[in-house]
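Q: I have a model open and want to go through a few spots in it. Can you take my questions as they come?

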Amino acid sequence: MPMIDWVTAVIPCTHKDLIVGGSILCFDRDGNEEWSTEKALSVVGSFDNRIQIKTHQQSFETGKPSHLWISGNPVKFLQGHNIFGSCDLVYLMSKLVDAMILKGNLGICPTDFELALIRQGKYVVTRVDVNQSYHLANHVQVLSWIKAAANSSRLRYRGRGQFSGDTLYHGKSSRRWALKCYSKFLEIMAKGHKLPPELLIPQLLDWADKSLRIEAVIRSMELKRRGLDFASAWTPEAAKLLLQELIGHLEMTDSFILPDEVVELLPTRLKPVYSLWISGHDMHTQYSRPTFYRHRAALLKYGIDIAITQESLKSNVVPLIQILRAVPAEIPDWAYELKLVV
């Protein structure tokens with residue numbers, strides 16, 4: 001099941017006083033203030049996980065702060081981990097608001113009408129991250145898959161991915177949406193992401209150890225284009241279908257060498273192209289752009305994508321396409337029994 005991993009939203013929520021975490025001021029060389037901006041306040045949730053909030057606007061009628069800007073991981077805030085969790089955005093945000101109301105020091109006191117709007121998802125979202133986990137044997141194999149995918153995958157219309165640490169990004173700098181692939185186990189072992197001692201249980205660690213996570217980051221421009229800029233549009237089914245669509249833009253291959261009889265069937269003009277590709281050349285540098293795409297279209301009929309390099313494929317022991325066709329990892333029954341899911 002997919003999981004909502006991050007939400008940035010503006011919700012209708014009356015609160016007694018302005019909520020800010022400080023201010024940033026900019027001065028010119030003569031000491032005159034040029035601009036200032038208010039920082040968000042970091043609110044502690046379960047197991048010291050935090051979410052950022054600040055006053056977004058005030059009511060013209062009452063003068064009271066009437067809207068909150070919220071940004072963070074509601075799953076992690078509520079249950080202490082995000083190894084697995086819910087893909088029901090409206091439910092998660094409702095639970096998040098309930099948890100913040102209980103923190104009396106924040107002065108959050110939404111009206112019944114505002115609570116109804118929150119429960120119905122009638123507010124704007126400006127960023128949503130949604131992910132899916134796939135299980136391999138262990139985190140070593142997950143990392144092997146990711147490294148192989150770096151040279152044997154490309155995102156349609158965006159090209160190859162790029163590494164940042166052990167995470168493979170596609171479209172990282174896009175203002176619309178991006179994909180990233182990473183090992184959940186390596187993430188929770190990294191500084192700043194470690195699980196609290198109470199959650200260091202064998203079942204949870206084993207589940208994370210096997211998890212290849214593919215995550216979509218959908219930003220404001222894309223949310224508006226798709227009509228997903230209101231939380232109410234984010235039903236669990238909508239989240240699932242969108243993630244499937246975006247992952248479907250990944251073009252991957254695990255076809256390394258064609259059988260001799262198939263090579264013989266290749267048109268004479270394509271045989272030298274195939275030979276260059278199978279020997280590891282970057283085909284983008286071998287031909288002009290029109291010729292490259294003409295050859296690519298012809299060879300795709302034989303299951304060969306010359307846009308994907310062969311550099312690391314010979315050592316790739318994890319089938320790349322098959323894992324994405326496999327049944328995604330579901331939340332295990334023991335997670336509900338141990339109350340690890342909100």
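Predicted model: local features only at pLDDT ≥ 70, side-chain atom pairs only at ≥ 80, totals over all residues.

Q: Which residue of E13 does Lys180 stand opposite?
A: Lys180 stands opposite Glu215 in E13.

Q: What about E7 and E13, how many bridges there?
A: Nine bridges, again in the antiparallel sense, with E7 covering residues 124–135.

Q: Is E13 mostly covered or mostly open?
A: Mostly covered. E13 spans residues 211–219, and eight of its nine residues are buried.

Q: Other topic. What is the strand order in the open sheet of three strands?
A: The order is E9-E8-E14, and the pairing is antiparallel. E9 (159–160) and E14 (250–252) are the edge strands, each with a single partner, so one side of each has no neighbour in the sheet.

Q: How many bridges join E8 to E14?
A: Three bridges, with E8 being residues 153–155. Within that pairing, Ser153 faces Met252 of E14.

Q: Now helix H3. Which of its residues are buried?
A: Glu114, Leu115, Leu117 and Ile118 are the buried residues of H3, which runs over residues 112–120. Looking down the axis of H3, these buried residues fall within an arc of 160°, so they line one face of the helix.

Q: And what do they pack against?
A: The buried residues of H3 pack against strand E1 (3–12), strand E6 (65–72) and helix H2 (89–102).

Q: Which residues are exposed on the other side of H3?
A: Asp112 and Phe113 are exposed there.

Q: Which residue just after H3 has a positive phi?
A: Gly121, with a phi of about 75°.

Q: Let's do aromatics. How many aromatic pairs are there?
A: The count is four. In one of them, Phe84 and Trp334 have ring centres 6.0 Å apart and planes at 70°, so the pair is edge-to-face.

Q: Where do Phe84 and Trp334 lie?
A: Phe84 is in the loop between helix H1 (74–79) and H2, while Trp334 is in helix H13 (residues 333–337), so the pair ties together parts 250 residues apart in sequence.

Q: Is Phe84 buried or exposed?
A: Phe84 is buried, at 3% relative accessible area. Trp334 has 21% relative accessibility and so counts as partly exposed, since buried means under 20%.

Q: How do the rings of Tyr274 and Trp277 sit?
A: Their centres are 6.2 Å apart and their planes are at 40°, so that pair is tilted. Tyr274 and Trp277 are three residues apart in helix H10 (residues 271–278), which means about one helical turn separates them. Both are buried.

Q: Which rings have a lysine charge over them?
A: Trp69 is one: the charged end of Lys54 sits over its ring, 5.4 Å from the centre. Tyr169 is another, with the charged end of Lys172 over its ring at 4.5 Å from the centre.

Q: Back to H1. Is Gln79 buried or exposed?
A: Gln79, which is in helix H1, counts as buried at 7% relative accessibility.

Q: Which backbone nitrogen lies 2.9 Å from a polar atom of the Gln79 side chain?
A: That of Val342.

Q: What else is in contact with Gln79?
A: Leaving aside neighbours within four places in sequence, the contacts of Gln79 include Ser46, Phe47, Phe84, Gly85 and Leu199. Leu340 and Val341 are also among them.

Q: And where is Val342?
A: Val342 is in the segment after H13. Its relative accessible area is 29%, so Val342 is partly exposed.

Q: How far apart are Val342 and Leu78?
A: They are 264 residues apart in sequence and 6.6 Å apart in space, C-alpha to C-alpha.

Q: What does Val342 contact?
A: Setting aside neighbours within four places in sequence, Val342 is in contact with Leu78, Gln79, Tyr91, Leu92 and Lys95.

Methods: Residues numbered from 1 in each chain as written. Heavy atoms only, no water. Buried < 20%, exposed > 50% of the residue type's maximum accessible area, 1.4 Å probe, protein only. Helix = DSSP H or I, 4+ residues; strand = E, 2+ residues; numbered from the N terminus. Arc of directions from axis to C-beta. Contact = heavy atoms within 4.5 Å. Phe/Tyr/Trp six-rings, centres within 6.5 Å; stacked < 30°, edge-to-face > 60°. Lys NZ or Arg CZ within 6 Å of the ring centre and 35° of its normal. Pairing = 2+ DSSP bridges. Polar contact = N/O pair within 3.5 Å; in protein donor to acceptor, adjacent residues only side chain to side chain.
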